[in-house]
Amino acid sequence: MNRHTAGALLRDRRVLYALTAVGFLLSWAIPRFGLLDSYVQLILMYVGINVILCLSLNLINGYMGEFSVGHAGFMSAGAYTASLLTVRVFPHGAAWAFPAACLAGGCAAALLGLLVALPSFKTRGDYLAIVTLAFVFIVKSAVENIDAAGGPRGLLGMDRLTTLPWVYAWTVGTVFVIRNFIYSRYGRGVLAVREDETAAEFMGVDTRQVKVLTFVVASFFAGAAGALFAHLLQYISPGMFDIVKSTDMLVMVYLGGVASIGGSLLGASLYTVLLEALRPLAMWRMVLMPLLLVLLMIFRPRGIMGLREFPWFRRRCPPQGGGQPCGACGIGGSAGADRTDSLTVGVAAAAQPRPQVPLLDVSGLSHRFGGLAAVSGFSLRMSSGELVGIIGPNGAGKTTVFNLITGAYRPDEGRILFSGQDITGLRPGAINAAGIARTFQNIRLFKDLSVLDNIMTAHYARSSCGVAEALTHAGGYQAEEARVRDHSLELLAFFEMQGQSAACAGSLSYGLQRRLEIVRALATRPRLLLLDEPAAGMNPLEVDQLMEFIRRVRAEFGVAVLLIEHQMRLVMSLCERLEVLDFGTTIAAGTPAQIQSHPRVLEAYLGQESAS
Amino acid sequence: MTYFLQQSLNALQLGSVYALIALGYTMVYGVLTMINFAHGDFFMVGAFLCFISVARLHLPFVPTLLISMAGVALLAVGVEVAAYRPLRNAPRVSAIITALGVGIFLEHFTLALSPYPLHIPPAFANVTWSAGGLAVSSLQVVTVLLSVGLMAALQFVVARTPLGIAMRAVSWDRDTAALLGVPVDRVISATFAIGGALGGAAGMLYALSYPVIDPYMGVLVGWKAFISAVVGGIGDVRGAMLGGYILAAVEIAVAVALPSTYRDFVAFSLLIVLLIFRPYGILGRPRPQKL
């Protein structure tokens, strides 16, 4: 009973608001009436500043799954901008200018963040780590060469303007804004980038926009934290914000837990307090800390709260639906499960076929990998609502054709028209927006996200909620979120998956994962759906279900379907037309019956002798 | 002209050290696709071993070199077995963080043992030959020749020996290599040992050339060597050497033309500019992505 009450309190948002208010009162009362000695107050302020740094870094390294070591540089930019404003520009009204100086520090850092982000996200992998590393050295070296900022000796003369209420307000504000960001369409994009950037791009997420935006938001808060830090310590020097400082923040993030607000609060507090508590050990505490980090990585690689969340910070949601609840996103729901009527109508309206112009018109498509011509001179026409299959031996170039149509590769030759619009060489996101969606040969779901979030993510390109709305959850945000959510639930209900909406996508059975991938593709409202070996690994019964499923998708959603498949039973009974590929060229095309007796097909599949 | 030659010689000396360290980064990256952020600190340990050998044990050059190389190789293998191996199948980021942790641990552990910068006496009588205003010290000659020799040996190992073939196999596909009977664990340990030995040699040569050492010396030099590896194309042995000499040349050129405080600023800015135009480095090529 007692546990139950405690759990209810933890879930009740009002308790959080009440505690926040009490905290604010305390933050004012403590220094006012000297309730705690000034050393403890100082530690509290460091905890707050570290929470801001840790949470904003967690946005990049935890939620987005990139690896930045540049936070010290952004902190430095914020600290110097704010300090120069209060010391040099407004020496007499420093106390009044301080709030604006903090914002200015944040903005300066955000601007630098934009400069770093734009080139950094050109390629994947460790690129960001390298660029941010260089960035930290550049900032340090640049500041050392600015005489007005004190050069290598540092900058003095700031008043102690950072007070407990200020730190508290900034900390609460940071948690509020970053939490809002995570639970917006951009936040879903961030998580999708972490889970599978390629799949996210094909589902219409503007991954570049998402990454740059996230980086800028995180830099802003690092800059603001720097401003607070400078006016607490009253002295800054370029050497303070070196790579070791960034490493401190990394330790906090990975100690507390990646992709978790609660984790960042915990990590920053623990680290700050622990460092103080171990002060008697002198130098040896600095030896213990990294050792702790290594042990943590070996025994708990995602940190104490990794990918989990404190109930207060989860998304507001209706009671959990069935299936294994998904800790990573902490959402669930089965509301609106049987409202399927509006769904098909809405989609069919989007799928109005244009007369005369073919839906897809591919001509003379060629692509080479080095010297190997994977596809050469491939042409294909499809009209709206058609169901066409591509078959051929392994290595015939089938998937390459898909990759060319959906923008994964840029064709060496040839042209792709989609309902009259030239989409040759566009980025995958733009091609998805034009109305082509796909699935993958090896399932590429966002495995650690819930089934519902997988579907909601695919609405990215069809939502219009702006950055300001996402950061504040004000304006049209709530209405749009509800609309996307309802539409996603309707889709799931339509395919009898509403029971799993709260489950982790990765925990579904193989057949359901295949199905979810198709539903996710449909959520982007395509007019052409490309399925890459949808029946791979299925038993005969599952193949029967899949055929029924594909027929239903086409009938209800009015999409044309182009599929690659090796299961002849499926292809022959489902497709209206077949293209047979071998060595990158079409060797035969026609109805299933024509193909079955086509001599060149028999030759490709069974070899020369059988054909004669 | 003499001045130019003199500065080129300095660049060659510094570049040799960068190249030797960069090789350690690039080999581990090539085999494990992991950035071993502790490698700069391996280099630092090499310098401290050099101090112990020269200043405390009063050993001559060759034993000192062997102590530095063997000591750091042992350390690298130990770190790999104790800290990296348990994480081999963990998320990539875990391994990177662990490497950072190991690096800080080494710095602070050394700092706790030896809080003040140390001065290293010369390991051998340093002769300077001058000809037409150009001064060449025996230390410079030794540094460059030894580095080039070690690099040639490494190139031979990677290109021609069974170990090198095994390394490249593990680099391409660890699982398949294991299925084909390549002892993956031993190959990875050998990679760390070789990278560590080269780092140890670099630490010693650096300490003899710039004889004041402190526990944080591996941070800046290490990062710069890492940058060299990236410039050349990380994962590529020749790229690491090329990158090391390029970075050193740029640094010396900046120090000549501008106040020396701009050195890091220009060097790192150039890196970013280079990466914008050649994201995979000078010799690196992207591996195609499979869908």
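**Exercise 1.** What percentage of the 612 residues of chain A count as buried?

*Solution.* The model is predicted. A residue is buried if 20 or more other C-beta atoms lie within 10 Å of its own. By this test, 51% of the 612 residues of chain A are buried.

**Exercise 2.** Compare the radius of gyration of chain A with that of a compact globule.

*Solution.* Start from the chain length, 612 residues.

**Exercise 3.** Describe how domain 1 and domain 2 of chain A are placed and where they meet.

*Solution.* First find the bounds: domain 1 covers 13-309, domain 2 covers 353-446 + 521-611, and domain 3 covers 449-503. Next take the centres of domain 1 and domain 2 over C-alpha atoms; 48 Å separate them. Then list the contacts: twelve residues of domain 1 touch ten residues of domain 2. Finally sort the domain 1 side by class, which gives six nonpolar, two polar and four charged residues.

**Exercise 4.** Check the span of helix 5 of chain A and locate its kink.

*Solution.* Chain A has 24 helices and twelve strands. Helix 5 runs over residues 94-120, which is 27 residues. The expected span is 1.5 Å times one less than the number of residues, so helix 5 should span 39 Å. The end C-alpha atoms of helix 5 are 36 Å apart, which agrees. The kink in helix 5 is about 35° and is centred on Ala100(A).

Notes
Residues numbered from 1 in each chain as written. Chains lettered and ligands numbered in written order. Predicted model: local features only at pLDDT ≥ 70, side-chain atom pairs only at ≥ 80, totals over all residues. Domains from an automatic or database assignment. Contact = placed C-beta atoms within 7 Å. Nonpolar A, V, L, I, M, F, W, Y, C, P; charged D, E, K, R; others polar. Helix = DSSP H or I, 4+ residues; strand = E, 2+ residues; numbered from the N terminus. Bend = angle between axes of the 7 residues up to and from the residue. Rg over C-alpha atoms; globule rule 2.2 N^0.38 Å. Buried ≥ 20, exposed ≤ 12 C-beta atoms within 10 Å, placed from the backbone.
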